[in-house]
Amino acid sequence: MLLDTTVLNQQRNFFDGHEDIWLFGYGSLIWKADFEYLERRPAYIAGWARRFWQGSHDHRGTPEAPGRVATLIRAQGALCHGMAYRITPDVLAPLDVREKNGYLREKVPLTFLGERGEAQKSKTQTEGLIYLATEDNPAFLGDAPLEDIAHQIAHAHGPSGSNKAYLLNLAQALRDLCIDDEHVFSLADRIHKR
Ligand code: SIN
């Protein structure tokens, strides 16, 4: 089941020669920024929606009982809000290890937001990097009834902690950023009701 994308990602050098890179975080990279960054700015990427459709066998679950973590799916007209970090290229090596269970580096256009969530008038857009787990990676779990996803999250634990903490930390971070995300909040509500 485990696919280690570390080596693959080292070959995905979309920003070769750049002194800095804008990394867009939409999952744990929003609430667990345990890496060095030069600055961070709220931002969104267009045409993507956040979903708990990626299996976690290494952080929030185990190979026997995987958890579920966030990835992105294409969704026409949708905006996925998150946090963009300006990082130096050396920060990518440890991130490749952290995101090794199926996530690949991808280049995407991102739009920055102002302090109060409004689109910035100047320098609104740039090319950024995301870690994306697509449906063709072996750890991809895909869609399921929300109640089943919540059940799986409620019971999974891994070396990085409980799957529940991942979900609830993400929900809180989104609330703090005034980001509405029906999928995440519906799952968090189900977890709270248990
Ligand atoms: C991200 O946060 O941008 C990637 C998925 C994750 O690590 O949770």
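Trainee: Exposed means over 50% relative accessible area, buried under 20%, and partly exposed in between (1.4 Å probe, protein chains only). Is cysteine 178 buried or exposed?

Mentor: Cysteine 178 is exposed, with a relative accessible area of 74%. Its model is predicted, so local features need pLDDT of at least 70, side-chain atom pairs need 80 or more, and totals for chains, interfaces and linings use all residues. Residues count from 1 along each chain, and side-chain values use heavy atoms, without hydrogens or water.

Trainee: Where is cysteine 178 found?

Mentor: Look in the loop between α5 and α6. Helices (H or I, at least four residues) and strands (E, at least two) are DSSP runs, numbered from the N terminus.

Trainee: Switching to α4. Which residues of helix α4 are buried?

Mentor: Helix α4 covers residues 146-155, and its buried residues are Ile149, Ala150 and Ile153. They span an arc of only 100° around the axis, so they sit on the same side of α4. The arc is taken from the directions from the helix axis to the C-beta atoms.

Trainee: What covers the buried residues of α4?

Mentor: The cover includes two strands, β2 (39-56) and β3 (67-87). It also includes two helices, α5 (163-176) and α6 (182-193).

Trainee: OK, β2 then. Where is arginine 50, and is it buried or exposed?

Mentor: Arginine 50 has its place in strand β2. At 2% relative accessibility, this arginine counts as buried.

Trainee: Which side chain does the side chain of arginine 50 make a polar contact with?

Mentor: That of aspartate 181, at 2.7 Å. A polar contact is a pair of N or O atoms within 3.5 Å; within protein, one must be able to donate a hydrogen and the other to accept it, and sequence-adjacent residues count only if both atoms are side-chain atoms.

Trainee: And which backbone oxygen lies 2.9 Å from a polar atom of that arginine 50 side chain?

Mentor: The backbone oxygen of histidine 81.

Trainee: Next, threonine 71. Which strand is it in?

Mentor: Threonine 71 is in strand β3. Threonine 71 is also buried, with a relative accessible area of 0%.

Trainee: What does threonine 71 touch?

Mentor: Leave out residues up to four places away in sequence. Then threonine 71 touches Tyr26, Ala49, Arg50, Arg51, Trp53, Gln54, Leu132, Ala133 and Phe140. Contact means heavy atoms within 4.5 Å. Arginine 50, the buried residue of β2, is among them.

Trainee: Which backbone oxygen does the side chain of threonine 71 reach?

Mentor: The one on alanine 133, at 2.8 Å.

Trainee: How far is threonine 71 from proline 138, C-alpha to C-alpha?

Mentor: Their C-alpha atoms are separated by 14 Å. Along the chain, threonine 71 and proline 138 are 67 residues apart.

Trainee: Last one. Where is serine 162 found?

Mentor: In strand β7, residues 161-162.

Trainee: Which backbone nitrogen lies 3.0 Å from a polar atom of the serine 162 side chain?

Mentor: The backbone nitrogen of alanine 165.

Trainee: And what is serine 162 in contact with, leaving aside neighbours within four places in sequence?

Mentor: Arg60, Ala156 and His157.
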